[in-house]
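My entries follow in the order I made them.

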Amino acid sequence: MYLAFGARVLAAGALGVAVAATTAARPAPTPPAQASVVITPGTWRLQQESRQRPSTTAECEQAMQIACYNPGQMEQAYSLPALYSRGITGKGTTIVIVDPYGSPTIASDLRNFDSTENVPDPPSLRIIRPAGKVPAFSGNNANMVGWASETTLDVEYAHTIAPGANILLVETPGGGSAGTVSMPQIVTAENYVIGHHLGDVISQSFVATEQAVGSGAINSLRGAYLAAYSHHVTVLAGSGDSGASGFESNQRSYYTYPVTAWPASDPLVTGVGGTRLNLDANGNRNSADTVWNDTYSPTANQLVNGNNGPDPLATGGGKSAIFGRPSYQDGVRGVARGHRGVPDISMSAACTSAVNVYQSFAGQPAGWYALCGTSEATPLFAGIVALADQVAGHPLGLINPALYQLASEHAPGIVRVQSGNNTVSFRQGGRSHTVYGFGARSGYNLAVGLGTVNAQYFVPELARLAGH
């Protein structure tokens, strides 16, 4: 059920930005310190590719009836070579990637990925476990295998965008029962990273529906985002892969009305949504980006779900039921109304235009896989932020006010996405349901936010505006 709205404004001096926090009429009790919250990785593994090298776009189209892209194409699509030629590679910055369990083969997988895809090795790939010992990896544990895939996508594609940045992988012990992950562990780990000044931008690709977590639990788990704000660390989170719907707490049933994903909905977090790219073999666009929505694609549903669908398979986005509109969204109040609107910005995420990833952990054959989801979009954007950090010469912290100011100035680095929506349909309880979402438009919208980026212009623009 929806939470009752009773907005109050936190003092601007406390956060540096006025944020309206929406609370339930009777807040949920604070969870115990070791409570587990069901969160899921925002990634979909489509299938292993039929060759022991990354497939070309044409080969994927022939074998799987989808496009798949390699690092060179993604770099070209976002106009990155113009920055690399000037030495802007993320040098001197650190991207922090937080994932439960992690992957036991990530170091060797990244080396293989880099050597095959002609991406320079990162200055360093460091793995820490500040929240406790991570259990031994088991290929028979589907939860661990899923998070290992998530970890691999996160690391390989954050590194693709910012090849000169250091990568800090923060692994947490996970959770107790199947499918649960301890959010307090993640908060502990992120607070450690922030308190010890170990990174500049934190990439989070996990999601949970606000209603499934509850306002009390969410408010008790915001400590790391408050700490990141005060220490000028940028925090990103994917907006989810279920379109305008989202999983209930049982992780099997979908909400039949519009919901929004957390932590992307937190005003101190930058919510990253998903687009669909249409690229040629060199990474040049055949057409403009659209909202990612594969819900009605039989091909995508066969690869992800083993059926023709429709099933929710689209970028998350909507209005928060927990947080009111932050001051940086005042200029888009006509869309967000009194709520925090999600997402803020978007990058590639579609399953019908996936990316090639190399992984070799137990539980599946070693090789190249096509992966997709807002877990692709989020590390891609983490790489973009790392480039801007390098240009600014220091971490940028909360970038959301700068994003909305750039959009209001019609800065060339922000590219509008003007077609598509995140409406989804599915069968549940013997009935067909459609959850009507939000359509793209010229300006801010609740499908892809402000749009996507042309990094050649966006990186210096963001460094200039957020760097002050």
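**Entry 1: aromatic pairs.** I counted two rings of Phe, Tyr or Trp as a pair if their centres lie within 6.5 Å. The model is a predicted one. How many aromatic pairs did I get by this rule? The count came to ten.

I looked up Phe247 and Tyr254 among them. Their centres are 4.6 Å apart, with 20° between the planes. Planes under 30 degrees apart count as stacked, so this pair is stacked. I also checked Tyr254 for burial. Its relative accessibility is 10%. Buried means under 20%, so Tyr254 counts as buried.

Next I took Phe381 and Phe458. Their ring centres are 6.0 Å apart and their planes stand at 45°. Stacked needs under 30 degrees and edge-to-face needs over 60, so this pair is tilted. Where do the two residues sit? Phe381 is in helix 13 (residues 374–392), and Phe458 is in helix 15 (residues 455–466). They are 77 residues apart, so the pair links distant parts of the chain. Both Phe381 and Phe458 are buried.

I noted one aromatic cluster too: Phe113, Tyr157, Tyr358 and Trp368 form it. I also found a charge over a ring. Arg285 lies over the face of Tyr78, 5.7 Å from the ring centre.

**Entry 2: nonpolar cores.** The largest nonpolar core has 83 residues. Which of them touch the most other members? I listed Leu80, Ile95, Phe381, Ile384, Phe458 and Leu462. Helix 13 gives this core its largest share, nine residues. A second, separate core holds 37 residues, including Val96, Ala228, Leu268 and Val269.

**Entry 3: helix 6.** I checked the length of helix 6 (residues 142–161). At 1.5 Å a residue, its 20 residues should span 28 Å. Its end C-alpha atoms are 29 Å apart, which agrees. Is helix 6 mostly covered or mostly open? Helix 6 is mostly covered, with 17 of its 20 residues buried. At its start, a side-chain oxygen of Asn141 reaches to within 2.9 Å of the backbone nitrogen of Asn143.

**Entry 4: Arg222.** I found Arg222 in the loop between helix 9 (215–220) and helix 10 (223–230). Is Arg222 buried or exposed? Its relative accessible area is 8%. The cut-off for buried is under 20%, so Arg222 is buried. Its side chain joins that of Asp266 in a polar contact of 2.5 Å. Not counting residues up to four places away in sequence, Arg222 touches Asp266, Pro267, Leu268 and Phe323.

Definitions and conventions:
Residues are numbered from 1 along each chain as its sequence is written. This is a predicted model: local features need pLDDT of at least 70, side-chain atom pairs count only at pLDDT 80 or more; totals for chains, interfaces and linings use all residues. Side-chain values use heavy atoms; hydrogens and water are left out. Buried means under 20% relative accessible area, exposed over 50%, partly exposed in between (1.4 Å probe, protein chains only). Helices (H or I, at least four residues) and strands (E, at least two) are DSSP runs, numbered from the N terminus. A charge sits over a ring if NZ of Lys or CZ of Arg is within 6 Å of the ring centre and within 35 degrees of the ring normal. A nonpolar core is a set of buried Ala, Val, Leu, Ile, Met, Phe, Trp, Tyr and Cys residues joined through side-chain atoms within 4.5 Å. The expected span of a helix is 1.5 Å times one less than its number of residues. A polar contact is a pair of N or O atoms within 3.5 Å; within protein, one must be able to donate a hydrogen and the other to accept it, and residues adjacent in sequence count only if both atoms are side-chain atoms. Contact means heavy atoms within 4.5 Å.
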